Structures are given as structure tokens and as C-alpha cells.
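Student: I would like to go through this model with you, one question at a time, with the cut-offs stated as we go.

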Amino acid sequence: MSFSDGGATFLVPIALLGFPIFVLALFASLGARKAALWSFVLGFLFLPNGGYVALGLPEYTKETAVSLSVLLASIVLDGARPLRTRPSWVDLPMLVWCTSRIATSVSNDLGVYDGLSTSLVQILGWGVPYWLGRTYFSDQQGLLELARGIVIGGLLYLPLCLWEIRTSPQLHSLLYGFSPVRFYMVLRYDGYRPMVFMSGSLMVAMWMATSTVICTWLSGSGALKRIAGVPTRWLAWALGITTLLCKGFGAFTLMFIGIGIYLAARVFKQGLPFILLLALVASYPVVRGTGILSAERILGTASLAYDELRLQSLEVRVTSEDLYIEHAAQRRLLGWGGWGRGEAITEKGEGRSVPDGLWVIALSRAGWLAVMALLFMYLLPVFLFVRRYRAGSWTRPELAPLAAFCVMMTIYWVDCLANAFPNLILILTMGATHSWFANRRSLAAAAAPAVATSGKPEAAGEAKPASLARGLSRRRRLLGGGKSRA
């Protein structure tokens, strides 16, 4: 929604246009890392949806307001630290995602200017928050602070969700004067699904599910025992129950999977369920896009577990997906570009189909190059994580935030196969987890789990082979194969 359409209250310009001042105040009063964290969390959770349109410039939305405000504050008050962050090979997926639209526009005869403007939108919406995550949350302490901030963000939304479940989603309308979605979209099972200040109820449900998984992981590992004096295990239960009340079946299922991965690693020292899930969801675009996995097979399998309402919704999604896959097959590598060229016509020819999954939108508009970039943006750190660290070390305090974030990005990848709800905190987390594998200090800080995983010790000066072997054996028992300490 453009605020020029009317209906917005005076709080909208105060919130959006005044947010840079708020961020500068945070940077002046808090440390840069904490200021960046709370700027992202509070901006994402409470700024209005919609934006201001200026001719020739990207729309000024909550996402651009937060990203540009933090970038400006970091340049002015933190010595331009993001400009001093060194790029790494792990940044290639984000680089391709942000810049490949230039080649897409040129190949579709839309011109270089169209490609540059589209890439600028990608950079502001994805590249800047990713790079700020790379800058401020690249080490063990940074990951823990980010994880704690996400849990607190979930707790801030908890009473608001319960209020909207009871009274109907109206906080956004009461405060900002309009609702970003139609009212029928928040109805489910004779009740309401909370929307609070996000662009949809499904987005809220995923946020609460993510907060629950991370809180569970931090609590069980002992990385974070209390928040404001309250044991985190109690907070995890409160967040989980609220997620259930949000009536988002997909989000609740993904929350259950995320907690199951934690239990498998903690109790059984087993990472195989996570690896199998990772292989399954990473391969979905390929097997779906090549026709190996048909819509009929998906619906047939889903009919065993879904009720009629969910089955009808899924049928609409996969039917639309088929249309877009077929349309994208004509321009496989770089896609159709913007201006509606990537949209598919319905089978009856009555109008354009509406895509749901982020991956299929990327496929149609920007081709397989963008889909592969998107895949590795989400899952590259996850691949590196399961390869480097044994499951027995995933629930240790020093690795718990990283492990929780890898699970978080995996379940968000599953969500983006059906929906298109990326968010600022997710992208910030992408930057943080990618940075872990680009930062030699981060890897050195977790050297003991790494040695236990690979079994290949680093050079150890003049240490005797026998004593070195005994030390490695002890580390394996404590960090890889022995009991995980909370």
C-alpha cells in the first residue's frame, strides 16, 4: 500500500520518517551492536506496513527505513564499520541475488536502467541488512545477542497476539489507520489469526514459531538461562502455546520440526533427521521445476494428512506453481524480468495466476540463476555447519546460537517454498551466519568442536604426538560423543 492512497494516520510519517532519528539516538546511547540489534527488532515489529513512493526512487517502506537508518548511523557514529567489513566467498549468493537482475533486464530488452533500479531495490531490501548482519554479529557473542533479541522480540509480540486472537486483528488499523490485508484473510476455524504490525498472519505465526525454536535451543543448551529473571524454559512454553493459538498450521509444524531437531541432537546425539530434511527441502525446486515431482503426487500425499480446507489451499498453490514453472521454462537462466512479464496466465485464460512461493516468483522473474542464489543464501551456512560440526556438539552453549540459526533458516526456506514472507530479521541472521564461516576468529573460537568433527588436528607447535592425541581424544569425548553439558 502507498500512503498516498489515504487512510493513514499522522503516526505513519512520524514513525517512518522519524525512525532515522530514533536509530541515531540508539547508536549514541548504546553500543553499536546493541543499537543495530534493537533498531532492526523494533523497526521490524512495530513500524507500519506500506510506503512512500518517490519518482525514480525505491519505495520508502519499513524495510528500507530500518536498513538505511542503521547504515547511516553506523557510518556517522561507528566509524563507517560496514565499509570496513571484508567480503568473502560466502557472500557470492547474495551478490548474485542483488545484481543478476541487470542481466535479466538486458536479456529481456528492458534496458540497463531497469536492471539497475531493480538491483537497487534488491540491495536495499536484502543486501544492506545482510551486510549489517555480517558486520555486527559475526562472532560467538554477536550470535548470542542476536538470538536473545529474537526471543525478546517474540515475547514483545506475545501479549499483542493474545489480544488480537481474543478481539480480532486491529492494532495496525487502530494505530496507523489502515489494515494491510483484507479481513477475511485473518479468519480461521471460527476465530482470528493475529497480524499485529506485520503484513500478514502467516508472517506473525512464523515469527512466533522461530522465537520458540530459538528460545528452546538457548534454554536447553544453557546458553541463555533467564530473561528478566524468568527461566527461559518457561518462556519457551509460553511462546510455543501462543504459536499454536496463532492457527498457522505450517508455522506450528515447522516449530515442531525445529524442536524435534534439537531433541535429536541433545538426547540421541543424532543429526541425521536434520540432514535428511536439509537434503529434501534443498532439492525441492529442482525436482519440482524439472517435473520429477508433479502436482498430483503432492496432492495425493497431502490428502493423507490435510483436511479439506487445507487441501483446497494447497491445490491452488501447486496449480499456480505449475503455471509459473511452465512459463519460466521459456527463459530458464535469467527469467522474464519485471512489468508483469513473469506472470503466468491461468489455464482458462481468464487472467493472471498469483504465485505464492518465493522460489517460484524468483524463477519466473529472474530464472534459475536467482533461484540457486536464493537457495544458497538460505542454506549455505547450514551445509557448512552440518559438515563441520558433529551433532553431539550442536547443543553446547558456544554453538547453540549458530545451530538454532541454521535450523531457523532451514524452516524459513521450507516456508518460502509455499509463501513469500522474507523479513528483516531473517536477512540479518543470514548475514550473521554467513559471517561465522567467513570469520577466522569465529572458527577458531569453536576449534574444539571442529577438531572433534573432522578428526584432523591443527598444527600444534612442538607438542608431543602422544599428548596431542590424548587431548584430542578428551575433546572428542566431551564435545562430540560424550554427554552434552547444559
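Student: Is cysteine 161 buried or exposed, and what is its relative accessible area?
Tutor: The terms come first: buried means under 20% relative accessible area, exposed over 50%, and partly exposed in between, with a 1.4 Å probe and protein chains only. This is a predicted model, in which local features need pLDDT of at least 70 and side-chain atom pairs count only at pLDDT 80 or more, while totals for chains, interfaces and linings use all residues. Residues are numbered from 1 along each chain as its sequence is written, and side-chain values use heavy atoms, with hydrogens and water left out. On that basis cysteine 161 is buried, and its relative accessible area is 0%.

Student: How many disulfides does the structure hold, and how far from cysteine 161 is the nearest cysteine sulfur?
Tutor: A disulfide is counted when a pair of cysteine sulfur atoms lies within 2.5 Å, and the structure holds zero of them. Cysteine 161 is in no disulfide, and the nearest cysteine sulfur belongs to cysteine 246, a residue that is itself buried at a relative accessible area of 1%. The distance to that sulfur is 4.4 Å.

Student: Which element gives the most residues to the lining of the largest cavity?
Tutor: A cavity is a set of points, on a 1 Å grid over the protein atoms alone, where a 1.4 Å probe fits but cannot get out, and lining residues have an atom within 4 Å of a point. With grid points joined across faces, edges and corners, and volume taken as the space filled by probe spheres set on the points, the search of the whole structure finds one cavity of 30 Å³ or more, and the largest has a volume of about 30 Å³. Helices (H or I, at least four residues) and strands (E, at least two) are DSSP runs numbered from the N terminus, and those giving two or more residues to this lining are helix 15 (358-388) and helix 16 (400-418). The most, three residues, comes from helix 16.

Student: Where does serine 168 lie?
Tutor: Phi of serine 168 is near 105°, a positive value in a residue other than glycine. Serine 168 is also buried, with a relative accessible area of 9%. Its place is the loop between helix 7 (140-167) and helix 8 (171-176).

Student: What is the relative accessible area of valine 196?
Tutor: Valine 196 is found in the loop between strand 4 (191-192) and helix 9 (201-221), and its phi is near 50°, a positive value in a residue other than glycine. Valine 196 counts as buried, with a relative accessible area of 0%.

Technical notes. 1 Å grid on protein atoms, 1.4 Å probe; cavity = no way out; pocket = protein on both sides within 12 Å on 5 of 7 lines; lining within 4 Å.
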